[in-house]
Structure formats: structure tokens, C-alpha cells
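Me: Hi! Could you walk me through this one in simple words?
Reply: Happy to, let's look at it together.

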Amino acid sequence: SDAILIKDNHIAAAGGIAPVREAVKAQASHMRRVEIEVDTLEQLEQVLAIGGADVVLLDNMDTPTLEKAVAMNAGKLVLEASGNMTLPRVAEVAATGVNYISSGALTHSAKTLDLGLDF
């Protein structure tokens, strides 16, 4: 249940995927899972070449790009699609072959209920 998520800001601050992955590798136990967020197929290519990740978060990719990412990955790493995930889009994204789909809309777009209890 404990893992490290390397986000786009971490990559930018460290100067790239390789430097941030090396920094994590130097600090984290070999038993800790690592997930790296990528925004492009070029970044996915770097993660596949460098290794050391368990999961790749494919962020804000359209369906054709997700299909290309799944083909590039060829089953090597677990792929999670995220960003702009709506309920109508979930089946289409699942059909690309990604392993997981995550959606922030479940929390940030949930309707609220103003409920009062007066005695």
C-alpha cells in the first residue's frame, strides 16, 4: 500500500525522468513500488528505456495516444490512464488495453448536499 508517485513537477524540478528516477532509487527501499506520470509518448519511451518503474500514469492522453502507449509498452509495465476521465469515456479508454483508469471527478466534481439537522 506504500508507493512513490513521481509527478510532472518532480520531473521538471529534477531536470528530467532519469535524474528523478535516480534520486528516488537512492532514497527508496527496493520493496517500494514506483509510479511515474508521463504526458507524452516520448516520456513513456524514456521510462521504458530507463526502467525502475512499476506503473506509468498516462496523463491527459486522447484515445489514439493511449492505444499507441499500450502498444509501445507491450505488457512491460502496468499502465494507468488518468486525466479527463468521464463516465461516458471509460469504456473507450478501457478498450485501449490500459490496466487501470483513475478519475478525479469522483471527488472534485461530486455534487454536494446541504443538509441541516435542527432540534
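Me: How do strand 3 and strand 4 pair?
Reply: Strand 3 (residues 55-59) and strand 4 (residues 78-82) pair in the parallel sense over 5 bridges. Strands here are DSSP runs of E, at least two residues, and helices are runs of H or I, at least four, numbered from the N terminus; two strands pair if DSSP finds at least two bridges between them. This is a predicted model, where local features need pLDDT of at least 70 and side-chain atom pairs count only at pLDDT 80 or more, while totals for chains, interfaces and linings use all residues. Residues are numbered from 1 along each chain as its sequence is written, and side-chain values use heavy atoms, leaving out hydrogens and water.

Me: And what stands opposite Val 56?
Reply: That's Leu 79, in strand 4.

Me: What order do the strands of the open sheet have?
Reply: The 5 strands have the order 1-2-3-4-5, with parallel pairing. Strand 1 (3-6) and strand 5 (100-101) stand at the edges with a single partner strand each, so one side of each has no neighbour in the sheet.

Me: New topic: how many salt bridges are there?
Reply: The structure holds 2, where a salt bridge puts a side-chain nitrogen of Lys or Arg within 4 Å of a carboxyl oxygen of Asp or Glu. One of them joins Lys 7 and Glu 37, with the closest N and O atoms 3.0 Å apart.

Me: Is Glu 37 buried or exposed?
Reply: Glu 37 counts as buried, at 2% relative accessibility. Buried means under 20% relative accessible area, exposed over 50%, and partly exposed in between (1.4 Å probe, protein chains only). Lys 7 is partly exposed, at 31%.
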